[in-house]
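Trainee: Could you take me through the charged side-chain pairs here, step by step?

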Amino acid sequence: MNKIMLCLCMLFFAVSLYAQKTSLLWSVQRTAALKGYGKVEEIIIDSNAVNALYNENTTFFEIAITDKNNNNQTVLLAEDAIKEVKIKINNKEYLPDAKLPKLYRGTIRGMTAKHEVLLTIAPNYVSFVAYLPSETITIEPDSRKNGAYVMLNSADRPYKKLPFDCGLPDVVTGKKDTQVSSVNINNNRAPEDKCTFVFVDCTNSLFKSKGGTVQNTLNYVYSIWNGVRTAFSNEQLNVFISEINVWTVADPFDTTSTTMVANRSFADFYQNNYWGNMAMLLDWSDLNGAIAGGYGWAKSVEPNTCGNYNATPDPVWNFGSFIYNNLNPSPFGTVVYSNFPVAALAQQVYITTHELGHLFGSWHTHSCNWPGGAIDNCVAVEGPCASTGFIPPSGGTFMSYCSQVSAGINFNNGFGLLPGAVIRQFTENNTCISNCSPCTLNDVVGSLTAFGFLQKEVTNQLIANGTLTTQNGFIKLDAGTKVILQNGFKVLQGSKVQVIIDGCGGIR
């Protein structure tokens, strides 16, 4: 009986997204040829249906899609719960009523690739991509006019090269914690037990490119982040957004000369005073590329705690946990990758994941720093090792430049064996990245050793009766109703304790 009821519920939530070119969420208006994109189908979103789905507490549901051969495929989507994220504008005013998008990830029945379907919805907004073995179906906002949408199929798209250069020199100076020839783990928790948070800052030019509304900007950020989060999740890593700031007025960054100058102006402005382990500036300009502030950088989530900003770095690019990304596709050309979201989002997902990979300690795959030399030679090797001429037949990985040759980048190849090991090792060994906070109803905290930042969260009541034993540690005790510091609770001189009544659901 229970199985019957479950089936009925699943049928009730089933939504036909593409079958017969009609749907409950949108309708196809016409087929058109879009320069540089091939054939597209212009569609109109049913805002009422989208908003109803957004407001429902639906943890998972089924959808139906139709491939280029008119074969029906069934998809099961599950909500990918996100941490509570604070939204603010102009680095001043928090927006308590901002509508964060909902993220769903799913699989196509009978297929084995990782996370074949990604869906992002928000009020009056949809972004959808389905990865099939020989095609990718995407629904995304039409870049030609606000409020319009297009449906694209990679089978109808031309393939072109991406002349991408992340701009980070392949030199490691004074930061040898990413050696992969001998992996040394000093944390007794697996990497999936730790949570890395990224502060996202959106320039005024990005804000304007999304119609000059904060909501459109948030929707765009999360459409990219859905793919980025998936890339790290496939490596058993939890990477979340901690806070998003949108500049609705002129921002203070120099984004007119080079990516390094832009990133340095970003780092100089915030230094260590931001919420997150890493910080990322998202721009929409004419700069050709993106860049990270070095290899293997993460501070603690709490502002000005376990910081790494360096005002006088040597070499000049090695100044901390900061990333600059230009998301404007115009300087790069048209991009399509194997199993990536097509059209506008392929490039953005790739460069965002790539630059974060550097902060997690990974070199390029064509670097000579790897044991045995370069992993691939899609472009000239970086360093003194000999070129092997190897181009991966199934496509490159996130840290490669294989987008510049016919092999391309294959999303399902992830980071690859050695870069994946490096980013997991960095996460496990880095004491500034704290363990994820499992949230329980009530808890008792005994003696604690806090390297960098540590947070304890409960929904109701928290009792602390031990000793914070590490000098210069920082611990935050967060309960929904009451925090009790019992007799015997001690903190060593130089350490900090903050007690707040907020409960589960965030890092504040």
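Mentor: Let us begin with burial, where buried means under 20% relative accessible area, exposed over 50% and partly exposed in between, with a 1.4 Å probe and protein chains only. Glutamate 235 has a relative accessible area of 8% and therefore counts as buried. This is a predicted model, in which local features need pLDDT of at least 70 and side-chain atom pairs count only at pLDDT 80 or more, while totals for chains, interfaces and linings use all residues. Residues are numbered from 1 along each chain as its sequence is written, and side-chain values use heavy atoms, with hydrogens and water left out.

Trainee: With which residue does glutamate 235 form a salt bridge?

Mentor: A salt bridge is a side-chain nitrogen of Lys or Arg within 4 Å of a carboxyl oxygen of Asp or Glu. The closest N and O atoms of the pair are 2.7 Å apart, and the partner of glutamate 235 is arginine 424.

Trainee: How many residues apart are glutamate 302 and lysine 476?

Mentor: Glutamate 302 forms a salt bridge with lysine 476, at 3.3 Å between the closest N and O atoms, and both residues are buried. Strands are DSSP runs (E, at least two residues), numbered from the N terminus. Because glutamate 302 lies in the loop between β16 (290–292) and β17 (322–326) and lysine 476 in strand β21 (residues 474–479), the pair ties together parts whose separation in sequence is 174 residues.

Trainee: How many salt bridges does a search of the whole structure find?

Mentor: Another pair is lysine 88 with glutamate 243, at 3.2 Å from N to O. Searching the whole structure gives a total of four.

Terms used: Helix = DSSP H or I, 4+ residues; strand = E, 2+ residues; numbered from the N terminus.
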